Amino acid sequence: QVQLVESGGGLVQPGGSLRLSCVASGSIFRLNAMGWYRQAPGKERELVATISSGGIINYADPVKGRFTISGDNAKNTVYLQVNNLKPEDTAVYYCNADVQTTWLVRADYWGQGTQVTVSS
């Protein structure tokens, strides 16, 4: 099994910043990619950003220029630096990992989520 543990959420004023972290642990043969998704109340979960083990990065349009994803392959960790936060960024942020637990077995795993609230 694979576990993802997020941290770093909180309450922040508009224009503020946070740094989210997610650590993957467990039966990891290969970690192919990690990413962040978010889900606001009453809305579907949506992509925020992803990073592959080779460093290929993808951002959703609403966060381009404000959010930065980075990873530490040695630590099986992904970070999300979120700057210039807006009230519409309020959501539960979920970590996702594309993991091979063996050479033949590959699956997506999710963390429990961390709340980010942007409010004055």
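Tutor: Gladly. Let us begin with the side chain of Thr90, which reaches the backbone oxygen of Pro87 at 2.9 Å. Please keep in mind that this is a predicted model, where local features need pLDDT of at least 70, side-chain atom pairs count only at pLDDT 80 or more, and totals for chains, interfaces and linings use all residues. Residues are numbered from 1 along each chain as its sequence is written, and side-chain values use heavy atoms, with hydrogens and water left out.

Student: Where does Thr90 sit, and which residues does it touch?

Tutor: Thr90 is in the loop between strand S8 (77–82) and strand S9 (91–100). Strands (E, at least two residues) and helices (H or I, at least four) are DSSP runs, numbered from the N terminus. Not counting residues up to four places away in sequence, Thr90 touches Ala40, Gln115, Val116, Thr117 and Val118, where contact means heavy atoms within 4.5 Å.

Student: Why is Asn96 called buried?

Tutor: Buried means under 20% relative accessible area, exposed over 50%, and partly exposed in between (1.4 Å probe, protein chains only). Asn96 has 8% relative accessibility, so it counts as buried. Asn96 belongs to strand S9, and a polar atom of its side chain lies 3.4 Å from the backbone oxygen of Tyr109. Leaving aside neighbours within four places in sequence, the contacts of Asn96 include Leu4, Met34, Tyr37 and Trp110. The C-alpha atoms of Asn96 and Gly111 are separated by 6.5 Å, although these residues are 15 apart along the chain.

Student: What makes Asn76 and Asn84 partly exposed?

Tutor: Asn76 has 23% relative accessibility, so it counts as partly exposed. Asn84, with a relative accessible area of 42%, is partly exposed as well. Asn76 is in the loop between strand S7 (67–72) and S8, while Asn84 lies in the loop between S8 and S9. Phi is near 50° in Asn76, a positive value in a residue other than glycine, and Asn84 likewise has a phi near 50°.

Student: How do you know that the radius of gyration of the chain agrees with a compact globule?

Tutor: The radius is taken over C-alpha atoms, and the globule rule is 2.2 Å times the number of residues to the power 0.38. With 120 residues, a compact globule would have a radius near 14 Å; the chain has 14 Å, so the two agree. The C-alpha atoms fill a box of roughly 50 × 25 × 20 Å, taken along the principal axes.

Student: How many helices and strands does the chain have, and what share of its residues is buried?

Tutor: The chain has 0 helices and 11 strands. Buried residues make up 40% of its 120 residues.

Conventions:
A polar contact is a pair of N or O atoms within 3.5 Å; within protein, one must be able to donate a hydrogen and the other to accept it, and residues adjacent in sequence count only if both atoms are side-chain atoms.
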